[in-house]
Amino acid sequence: MFNPPTLEDLQETRRANEKLVLKALESKPEWVETELAKTTSLALSHLRAALASLLDQGRVRRLPGTGTRAVYGLADPGLADVPATPLTESAKKVRDYLEGRADSALYMSEQLRMTREEVMAALSLLNAHGMITCTFVGSLVIFRLKETQALGQENAAPEKAGRKKNVA
């Protein structure tokens, strides 16, 4: 009797495929999708699923290609690798600003009256908590809250506020 794969099985397979894709992308700056499929030995559907996840995570970016040939490379949104320490006031300010919108670090700095460095530090901390994603529009990096974070934040905010009152 055939047992269909569980959600955990599918997620484990996707993560393994993502590792194969990242390893290949580290060896060369630009890869055409079909070459990447041959190099990783992944079916095109599995490769595309891994690429979609990596694009959403901001770890890979789609580069301008010729014709219909999709070209991919590693993404560098310019975020520092920081530990997931408690959110600073700046990080909270950036998180609140990104609620329901997406924006570049430069425009956020203008709107929030913060330096670009302060915004990037806040984004790095939010990234360490897995709260943001980024997309590339040419050389411009656009940041947004992950949808699950935005929804979870609305539900968790009253509880956190209540806990703080009880602790103090």
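**Exercise 1. Work out how helix 4 and helix 6 are oriented relative to each other.**

Step 1. Find the two elements in this predicted model: helix 4 covers residues 89-98, and helix 6 covers residues 116-128. Helices here are DSSP runs of H or I with at least four residues, strands are runs of E with at least two, and both are numbered from the N terminus.

Step 2. Two packed helices are described by the angle between their axes and the distance between the axes. For helix 4 and helix 6 the angle is about 80°, and the axes lie 8 Å apart. The axes are lines fitted to C-alpha atoms over the stretch in contact, with angles from 0 to 180 degrees between N-to-C directions.

Step 3. Angles under 35 degrees count as roughly parallel, over 145 as roughly antiparallel, 65 to 115 as roughly perpendicular and the rest as oblique. Helix 4 and helix 6 are therefore roughly perpendicular to each other.

Step 4. Now look at the residues that touch, contact meaning heavy atoms within 4.5 Å. Helix 4 brings Ser90, Ala91, Val94, Arg95 and Leu98, while helix 6 brings Ala122, Leu123, Leu125 and Leu126. By class, that is 7 nonpolar, 1 polar and 1 charged. Ala, Val, Leu, Ile, Met, Phe, Trp, Tyr, Cys and Pro count as nonpolar, Asp, Glu, Lys and Arg as charged, and the others, Gly among them, as polar.

**Exercise 2. Repeat the analysis for helix 4 and helix 5.**

Step 1. Helix 5 spans residues 105-112, and its axis lies 11 Å from that of helix 4, at an angle of about 105°.

Step 2. Helix 4 and helix 5 are therefore roughly perpendicular to each other.

Step 3. Lys93, Val94, Tyr97 and Leu98 of helix 4 meet Tyr107, Met108, Gln111 and Leu112 of helix 5. This contact has 6 nonpolar, 1 polar and 1 charged residues.

**Exercise 3. Describe the surroundings of Ser124.**

Step 1. Ser124 sits in helix 6.

Step 2. With a relative accessible area of 3%, Ser124 is buried. Buried means under 20%, exposed over 50% and partly exposed in between, using a 1.4 Å probe and protein chains only.

Step 3. A polar atom of the Ser124 side chain lies 2.8 Å from the backbone oxygen of Met120.

Step 4. Setting aside neighbours within four places in sequence, Ser124 touches Leu79, Ala80 and Val82.

**Exercise 4. Which residues other than glycine have a positive phi, Ser41 being one of them?**

Step 1. Ser41 has phi near 60° and belongs to the loop between helix 2 (33-40) and helix 3 (44-57). Ser41 counts as exposed because its relative accessibility is 65%.

Step 2. Arg113 also belongs on your list, with phi near 55°. Arg113 is in the loop between helix 5 and helix 6, and at 77% relative accessibility Arg113 counts as exposed.

**Exercise 5. Place Gly78 in the fold.**

Step 1. Gly78 is in the loop between strand 3 (71-74) and helix 4.

Step 2. Its relative accessibility is 46%, so Gly78 counts as partly exposed.

Step 3. Gly78 and Val141 are 63 residues apart in sequence, yet their C-alpha atoms are 8.8 Å apart in space.

**Notes on the model.** Residues are numbered from 1 along each chain as its sequence is written, and side-chain values use heavy atoms, with hydrogens and water left out. Because the model is predicted, local features need pLDDT of at least 70 and side-chain atom pairs count only at pLDDT 80 or more, whereas totals for chains, interfaces and linings use all residues.

Definitions and conventions. A polar contact is a pair of N or O atoms within 3.5 Å; within protein, one must be able to donate a hydrogen and the other to accept it, and residues adjacent in sequence count only if both atoms are side-chain atoms.
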